[in-house]
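Have the model open while you read.

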Amino acid sequence: MAVKKFATQENMQALVNELKNRVVHQEEGKGLSTNDLTAELLAKINAAQSAEQVTTAIAEAVAGADHLQRKIVETKEEIDLEAANADRYIYLVKNGETYDEYMVVGSKLEKVGDWAMDLTGYIREEDLQELSSEDIAGLFTDWNG
């Protein structure tokens, strides 16, 4: 099922205000392609890393980081507190329809959470109302540019 997105009238008004702030108005005697960057800004742009360099650096950093893994076990007794890398797992122990989550901390088994969820207060899809074209157009009524 695709995620449905929505915006409140306040969100849309913020968008309109942001558009007003970002719109580029042509100045007399200048075109939009005029190269009027400062030397400082141009130097920063030329020194920036390429997208490929950034992607590579991120991939290397993630690969070098310690990662926790999940491991499903039937009972807490199956968890070997002395096993190598025992502290690198989140152990999932079935508890009815959900799982309890445990970690080994200082050679001791600690419950760190569960998969139970309280959805009280969440908005349901049937509670949402889509903004109409008229609602959106109304946000632009005081904009002259």
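1. A bit of bookkeeping before the sheet: two strands count as paired if DSSP finds at least two bridges between them. Keep in mind too that this is a predicted model. With that pairing rule, there is an open sheet of four strands, in the order S1-S2-S3-S4 and with mixed pairing. S1 and S4 are the edge strands, each pairing on one side only. From one strand to the next, the twist averages 35°.

2. Now the parallel part. S1 and S2 run parallel and are joined by five bridges. If you want a landmark, take Val73, whose bridge partner in S2 is Val93. Both of these valines turn up again in the core described in point 4.

3. At the other end of the strand order, S3 (residues 98-105) and S4 (residues 108-114) run antiparallel, with six bridges between them. Asp100 has Asp114 in S4 as its bridge partner. The two strands form a hairpin with two residues between them, and Gly106 in the turn has a positive phi of about 60°. Ser107, in the loop between S3 and S4, has a positive phi of about 65° although it is not a glycine.

4. Which residues make up the largest nonpolar core? There are eight: Val73, Ile79, Ala86, Tyr89, Tyr91, Val93, Tyr102 and Val104. Leaving aside neighbours within four places in sequence, Ala86 is in contact with Asp80, Leu81, Tyr91 and Val104. Tyr91 and Val104 are themselves members of the core.

5. Two of the core tyrosines deserve a look of their own. The count of aromatic pairs comes to one. That pair is Tyr89 with Tyr91: the ring centres are 5.8 Å apart and the planes are at 40°, so the pair is tilted. The angle lies between the 30 degrees below which planes count as stacked and the 60 degrees above which they count as edge-to-face. Both Tyr89 and Tyr91 are buried. Tyr89 also has Lys71 over its face, at 4.2 Å from the ring centre.

6. There is another lysine over a tyrosine: the charged end of Lys94 sits over the ring of Tyr99, 4.9 Å from its centre. Tyr99 also shows up among the contacts of Trp115, which include Leu92, Thr98 and Glu101 as well, once neighbours within four places in sequence are left aside. Trp115 itself is in the loop between S4 and helix H4 (133-138). Is this tryptophan buried or partly exposed? At 42% relative accessibility, Trp115 counts as partly exposed.

7. Last, please check the backbone at Asn85. This residue has a positive phi of about 65° although it is not a glycine. Asn85 sits in the loop between strand S1 (69-73) and strand S2 (89-95), and it is partly exposed, with a relative accessible area of 44%.

Note on methods
Residues numbered from 1 in each chain as written. Predicted model: local features only at pLDDT ≥ 70, side-chain atom pairs only at ≥ 80, totals over all residues. Heavy atoms only, no water. Phe/Tyr/Trp six-rings, centres within 6.5 Å; stacked < 30°, edge-to-face > 60°. Buried < 20%, exposed > 50% of the residue type's maximum accessible area, 1.4 Å probe, protein only. Lys NZ or Arg CZ within 6 Å of the ring centre and 35° of its normal. Axes fitted to C-alpha atoms, helices over the stretch in contact; angles between N-to-C directions. Core = buried A, V, L, I, M, F, W, Y, C linked by side-chain atoms within 4.5 Å. Contact = heavy atoms within 4.5 Å.
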